[in-house]
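Here is a short note to read with the model open beside you. Take the points one at a time and find each residue as you go.

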There are 2 protein chains.
Amino acid sequence: MEKGRGKFNRNQRVIGITKVLTENPNKVITLNVFTEKFNAAKSTISEDIVIVREVLETLSMGRIETVAGASGGIKFINEKSAYDKAKFIEELCELLRDKSRVVPGNFLYITDIAYNPSLIQSAAIILSAAFKNMNVDYVVTIETKGIPLGYEVAKQLGVQLVTVRHDTKYTEGTTVSINYASGSSNRLQTMSLSTKSMRRNSRCIFIDDFMRGGGTAKGIRELLSEFDSELLGSGFLIDSVEIKEKLVDKYVSLVNFHGIGEDGIAIVSPSIHND
Amino acid sequence: MEKGRGKFNRNQRVIGITKVLTENPNKVITLNVFTEKFNAAKSTISEDIVIVREVLETLSMGRIETVAGASGGIKFINEKSAYDKAKFIEELCELLRDKSRVVPGNFLYITDIAYNPSLIQSAAIILSAAFKNMNVDYVVTIETKGIPLGYEVAKQLGVQLVTVRHDTKYTEGTTVSINYASGSSNRLQTMSLSTKSMRRNSRCIFIDDFMRGGGTAKGIRELLSEFDSELLGSGFLIDSVEIKEKLVDKYVSLVNFHGIGEDGIAIVSPSIHND
């Protein structure tokens, strides 16, 4: 038991409730958690939650949903306003237009973005909105650069991340491996996943930083079928729209990449969401 | 500009302030952000912040520090109480004592933990406390399983994550590679890092999921020296204490792993922190 605490007033309780909800998106939190933490009656906490809900909605900072039933409580759905979404995606485009990002072979260097916690958290809040009503069991990604984005989307959806690897490691136990043709290079690659990594009959989405032909997403779909599991959709930070024929359908992205312009600068634009 | 908003009362403002601070640990946020968001005077916001600060400290949910100067403001340092820390680490130990984690070769399967957002967020809040006064510029990790933990520690410290790779990818531009002997296997491996990934003369910490002999951390130190940068310390989820001679000093961990017992169960205990 934690040491006894006195009473808290409304200002104090709503601060604590907001902190707990913000750190645990899409997780069902029972009212008991708060009645114990603040030594307050359930009716008092219910009133607090009404206030928090109203403020977060007014500020377009997210929604609080009520979950009925024996294991019920409330859960917080993180959101950004349409204004904040558009502003963030335009910022991302501006970052990508930096000439120094173009590396030999006309590839775009995006590693710093893929590992920047502020940017990735914002990108994940926007991307995860497309999947929030799908009852997702797992977010699946593939090593390496997509891991932070996949991790943040999993956090926003309140589920576990599963990372597919190119190699097999002795610490993974039994693994299932498939070969797939990477859409960009048509090079045959291997992807493998530990049999311990997910329950069978799971509902999954695939998250990655960059999508070219969609060959990787197609491979993920095949790998998941070996686990009797389903790929419901995919989400990407950047969609290389130069490649018109995609091997994946049902996907969302934040930025369209149209290639490198004659001035040596990436041509990018906000994606049109299909959600 | 966002569309005009009315006035907010204190309850409402402290909710919004708490949300913004929780999502942006260790980032300096100017008071202007809040005066604009809430259409309120600076003195009002200052009073709000005093309340938020007191509540978070009373509930052991973190600290708010004032940053003086022209680019000053406040920043939020996420923390857990001693009680919550001990409780979390004991939960982690209990998870690790699951017999089904032991895979052929007497290795411990921890992949599910390494990719679990709730667990990794808590682990990162605890680990990052050891580095919060070091003026860290970058958190460095190495692919693959340490990435979520490295990412969360970077987020808690308000800095960029840098991920060292075993291979070199065409999207990374120019890279610097070194060979190093992995402490556990004495196998020679390669680690490489894009020259674009960090500024020279940087102060870095290394974060990984599991530490055996410390050979990887030693390799990271050498790789960083190629960038004229310094390794200030390291943090690990699990320290394999069976291996007594470590190639790394100045590190913290959450759990000590003493090997697999005769009953086929991992022997683990909370680490003694050296912070």
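**Notes on the interface and a few local features**

1. Let's begin where the chains meet: across the interface of chain A and chain B, the rule finds two salt bridges. Please keep in mind that this is a predicted model. One salt bridge to look up joins the side chains of E152(B) and K155(A), with 2.4 Å from N to O.

2. Polar contacts can be counted here too. Between chain A and chain B there are 32 residue pairs in polar contact, with both residues at pLDDT 80 or more. On the side of chain A that touches chain B, helix α1 (residues 10–23) of chain A gives the most, with 11 residues. Sorted by class, that side of chain A has 30 nonpolar, 20 polar and 17 charged residues.

3. Now take the interface as a whole. In total, 67 residues of chain A are in contact with 66 residues of chain B. The two chains bury about 5900 Å² between them, and 59% of this is on carbon and sulfur atoms. Which residues of chain A lose the most area to chain B? They are I15(A), K19(A) and Y151(A), which together make up 12% of what that side buries.

4. Helix α7 (residues 147–157) of chain A packs against helix α7 (residues 147–157) of chain B at an angle of about 75°, and their axes are 10 Å apart. Angles of 65 to 115 degrees count as roughly perpendicular, so α7(A) is roughly perpendicular to α7(B). From α7(A), the residues I147(A), P148(A), Y151(A), E152(A) and K155(A) meet I147(B), P148(B), Y151(B), E152(B) and K155(B) of α7(B). The residues of this contact divide into six nonpolar, no polar and four charged. You have already seen K155(A) and E152(B) in the salt bridge of point 1.

5. Chain B has a helix pair of its own to compare by eye. The axes of helix α2 (residues 31–38) and helix α3 (residues 42–58) of chain B come within 9 Å and cross at roughly 110°. The pair α2(B) and α3(B) is therefore roughly perpendicular. Here L31(B), N32(B), F34(B), T35(B) and F38(B) in α2(B) meet K42(B), I45(B), S46(B) and I49(B) in α3(B). By class, the residues of this contact are five nonpolar, three polar and one charged.

6. Finally, check some backbone details. Most residues other than glycine have a negative phi, and most peptide bonds are trans. In chain A, a cis peptide bond joins E143(A) and T144(A), with omega about 10°. T144(A) sits in the loop between β5 (138–142) and α7 of chain A. In chain B, the peptide bond from E143(B) to T144(B) is cis, with omega near 15°, and T144(B) lies in the loop between β5 (138–142) and α7 of chain B.

7. One more residue deserves a look. Where is N26(A)? N26(A) lies in the loop between α1 and α2 (31–38) of chain A. Although N26(A) is not a glycine, its phi is positive, at about 60°.

Definitions and conventions
Residues are numbered from 1 along each chain as its sequence is written. Chains are lettered from A and ligands numbered from 1 in the order in which they are written. This is a predicted model: local features need pLDDT of at least 70, side-chain atom pairs count only at pLDDT 80 or more; totals for chains, interfaces and linings use all residues. Side-chain values use heavy atoms; hydrogens and water are left out. Axes are lines fitted to C-alpha atoms, for helices over the stretch in contact, and angles run from 0 to 180 degrees between N-to-C directions. Helices (H or I, at least four residues) and strands (E, at least two) are DSSP runs, numbered from the N terminus. Angles under 35 degrees count as roughly parallel, over 145 as roughly antiparallel, 65 to 115 as roughly perpendicular and the rest as oblique. Contact means heavy atoms within 4.5 Å. Ala, Val, Leu, Ile, Met, Phe, Trp, Tyr, Cys and Pro count as nonpolar, Asp, Glu, Lys and Arg as charged, and the others, Gly among them, as polar. Buried area is the accessible area (1.4 Å probe) that two parts lose on being put together, summed over both. A salt bridge is a side-chain nitrogen of Lys or Arg within 4 Å of a carboxyl oxygen of Asp or Glu. A polar contact is a pair of N or O atoms within 3.5 Å; within protein, one must be able to donate a hydrogen and the other to accept it, and residues adjacent in sequence count only if both atoms are side-chain atoms.
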